[in-house]
Amino acid sequence: SGVLILGREGGVKLKTSQQEHSFGYPHQLGHHERSDKPGDALISVVHLKAGDIIIKGSDGLFDNLSEEDAEEIANQVRVSQV
């Protein structure tokens, strides 16, 4: 899972890294004893402006969506809202 924040003027403001214990072993919240806890999460502080776009998704999204594709889609959304 992660977050991608695109600035209103274009470009990537933030892309969080995958949180994994090791390759293919991602952090996972749960209620059982060995699950990761909310306190294990990465914390990022980003100053947002009106018009910035926040994309939150699973690793399945970010494994298949490049930053360039995300920016292209965001630009299409911006144009359609004018």
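The model is predicted. I find three strands in an open sheet, ordered β2-β1-β5, with antiparallel pairing. β2 and β5 are at the edges. Each has a single partner strand, so one side of each lacks a neighbour in the sheet. I read an average twist of 10° from one strand to the next.

Next I checked the pairing of β1 with β5. β1 covers residues 2-6, and β5 covers residues 53-57. I count five bridges between these two strands, in the antiparallel sense.

Then I turned to β1 and β2. β2 spans residues 12-15. Here I get three bridges, and the sense is antiparallel. I5 faces L14 of β2 across this pairing. The hairpin of β1 and β2 has five residues between the strands.

I asked myself how much of β1 is buried. Four of its five residues are buried, with under 20% relative accessible area as the cut-off. β1 is therefore largely enclosed by the rest of the structure.

Last, I looked for a helix against the sheet strands. Helix α2, residues 67-80, lies across β1, β2 and β5. I noted its angle to β1 as about 55°.

Terms used. Residues are numbered from 1 along each chain as its sequence is written. This is a predicted model: local features need pLDDT of at least 70, side-chain atom pairs count only at pLDDT 80 or more; totals for chains, interfaces and linings use all residues. Side-chain values use heavy atoms; hydrogens and water are left out. Buried means under 20% relative accessible area, exposed over 50%, partly exposed in between (1.4 Å probe, protein chains only). Two strands pair if DSSP finds at least two bridges between them. Axes are lines fitted to C-alpha atoms, for helices over the stretch in contact, and angles run from 0 to 180 degrees between N-to-C directions. Contact means heavy atoms within 4.5 Å.
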